[in-house]
Amino acid sequence: MREACHEDVITLRDLSFAYEHKNVLQHVNFSIKQRDFVGLIGSNGAGKTTLLRMIVGLLKPTQGEIHLFGEPISQFKQWERIGYVPQKNSLNPLFPATVREVVMSGLYGKKSLFRRIAKSELQKCEDALHAMSIEDLADKRIGQLSGGQQQRVFLARALINNPDLLILDEPTVGIDPETQEGFFHMIKHMHQHHHITFLMVSHDMDMIETYLGTEPIERSGKLKFYVKHSHDIEDCRETDLTHSLKDLRNKLQSTISYT
Ligand SMILES: Nc1ncnc2c1ncn2[C@@H]1O[C@H](COP(=O)(O)OP(=O)(O)OP(=O)(O)O)[C@@H](O)[C@H]1O
């Protein structure tokens, strides 16, 4: 069971980044504590995706430090604690994998792709498919799915390790408003009941202001950080992720369209 505490999950110290000679981020300082929900806002080109890519180790800062769960990123090895859903438009729609293969790939991390897959790992995959209500899509090619369905596949992939931290880069871009609403219900539920820490880039100011308040807690250049801390959550009972999401899914299906 995850404990509510004040451990820093992400610490950014004096972080700067430049692509060749173009400065994108300068002297960013911010920390995210366990079970915070952080909304990262900024105009196009402000450096939001660049920041997320540094946090998940895909880009190296030009200057400054990143700590993950208290460890310098260069020494951090527990990548299964972090689920990352990149921006939809950075994916290749012709990728020739099935939904199940994409979700399973979330388990591999930095381990070999060619090792034997254990029964327990197959079960984790089925649970993640089930939680996102996409069991019936498991054998379809990812490229054949709608934008909303693809986002659920990538969320299932990010959830397969039961992560402590979920990093989402504009998860609802290109998705219709009703599906967006269902999606936000779901991630709020995951935040409140599953003690997951969230870092989410979004342009949806309605959702950000409704859940995280109207004032950013921190500004850095063109970036604004909106935060809901764990102690602001009224009801934070923890329940089993798969079953709880199934319940939520049933409730949502009876009120709004969720596909
Ligand atoms: N691989 C790259 N090489 C050079 N410049 C890049 C590269 N990727 C991004 N940039 C530039 O860096 C800046 C920040 O890009 P980034 O994608 O981080 O912005 P963003 O805030 O996520 O924008 P958006 O809201 O449009 O997704 C932009 O000016 C972009 O053109």
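User: Which residue takes a positive phi in the hairpin of β4 and β5?
Analyst: That's Phe 69, with a phi near 50 degrees, in a hairpin that has two residues between the strands. Strands here are DSSP runs (E, at least two residues) and helices are DSSP runs too (H or I, at least four residues), both numbered from the N terminus. One caution: this is a predicted model, where local features need pLDDT of at least 70, side-chain atom pairs count only at pLDDT 80 or more, and totals for chains, interfaces and linings use all residues. Residues are numbered from 1 along each chain as its sequence is written.

User: How do β4 and β5 pair?
Analyst: In the antiparallel sense, over two bridges; strands count as paired if DSSP finds at least two bridges between them. Leu 68 stands opposite Glu 71 in β5.

User: And which strand do five bridges join to β4?
Analyst: Strand β1 (residues 8-19), which runs antiparallel to β4 (residues 63-68). There, Arg 13 has Glu 65 as its bridge partner.

User: New topic: what's the strand order in the open sheet of six strands?
Analyst: The order is β6-β7-β8-β3-β10-β9, with mixed pairing. At the edges are β6 (82-85) and β9 (218-220), each pairing on one side only.

User: Which helix packs on that sheet?
Analyst: α4 does, touching β6 and β7 (165-169). Its direction makes about 165 degrees with that of β6. Touching means C-beta atoms, placed from the backbone, within 7 Å, and angles run from 0 to 180 degrees between N-to-C directions of lines fitted to C-alpha atoms, for helices over the stretch in contact.

User: Where's the ligand? What surrounds it?
Analyst: The residues around the ligand include Tyr 19, Val 24, Gly 42, Lys 48 and Thr 49; to be near, a residue needs its C-beta atom, placed from the backbone, within 6 Å. Helix α1 (residues 48-55) gives the most to this shell, with three residues.

User: How many residues are in the largest nonpolar core?
Analyst: There are 59, and Leu 40, Val 103 and Phe 198 are among those touching the most other members. A nonpolar core is a set of buried Ala, Val, Leu, Ile, Met, Phe, Trp, Tyr and Cys residues joined through C-beta atoms within 7 Å. Buried means 20 or more other C-beta atoms within 10 Å of a residue's own, with C-beta atoms placed from the backbone.

User: How much of the protein is buried?
Analyst: Buried residues make up 37% of its 259 residues.

Terms used
Buried ≥ 20, exposed ≤ 12 C-beta atoms within 10 Å, placed from the backbone. Contact = placed C-beta atoms within 7 Å.
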